[in-house]
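Have the viewer open while you read.

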Amino acid sequence: MANLATVTPDGAPRNAPMWFIWEDAAIWLLGSTGASAVKHLERDPRCAVEIVHFDNEAGILLHLGLRGSATIEPMAPNRFKRLLHKYLGPEATWNRWFIDNVADIGHRTGA
């Protein structure tokens, strides 16, 4: 998972865990039109993203930190499906309630 830091209307930082996928030299985060992170980025696109992979047993600690400006893009159903595969595994095992009520792949705005 990635942690997305945005700026609230009063200037305070806000951090939220997000599902992500890296494609086309960009990090794509899952959000909906009503989500607070999306609203913050629409108002102020400055943000930071942090990804940490820690495996104590293997002795691995990897960290990626990014800072910049975000853009809000329309949902691309195929990219969204690839992101869901990353976190949920094969489509045949997806929880139908979650897909139908939370991750509405067919919704034209990503809401």
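## Ground rules

Two strands count as paired if DSSP finds at least two bridges between them. Helices (H or I, at least four residues) and strands (E, at least two) are DSSP runs, numbered from the N terminus.

This is a predicted model, where local features need pLDDT of at least 70, side-chain atom pairs count only at pLDDT 80 or more, and totals for chains, interfaces and linings use all residues. Residues are numbered from 1 along each chain as its sequence is written, and side-chain values use heavy atoms, leaving out hydrogens and water.

## The sheet

Four strands make up an open, antiparallel sheet, in the order S2-S1-S5-S6. At the edges sit S2 (13-18) and S6 (60-69), each pairing on one side only. From one strand to the next, the twist averages 20° (axes are lines fitted to C-alpha atoms, for helices over the stretch in contact; angles run from 0 to 180 degrees between N-to-C directions).

S1 (residues 2-7) and S5 (residues 46-55) run antiparallel and are joined by four bridges. Look for Asn3, which stands opposite Glu50 in S5.

Helix H1 (residues 36-43) lies across S1, S2 and S5, at about 50° to S1. Contact here means heavy atoms within 4.5 Å.

Most residues other than glycine have a negative phi. Asp24, in the loop between S3 (20-23) and S4 (26-29), has a positive phi near 55°. Ala25 sits in the loop between S3 and S4 too, with a positive phi of about 60°.

Are they buried or exposed? Asp24 is exposed at 64% relative accessible area, and Ala25 is exposed at 67% (buried is under 20%, exposed over 50%, partly exposed in between, with a 1.4 Å probe and protein chains only).
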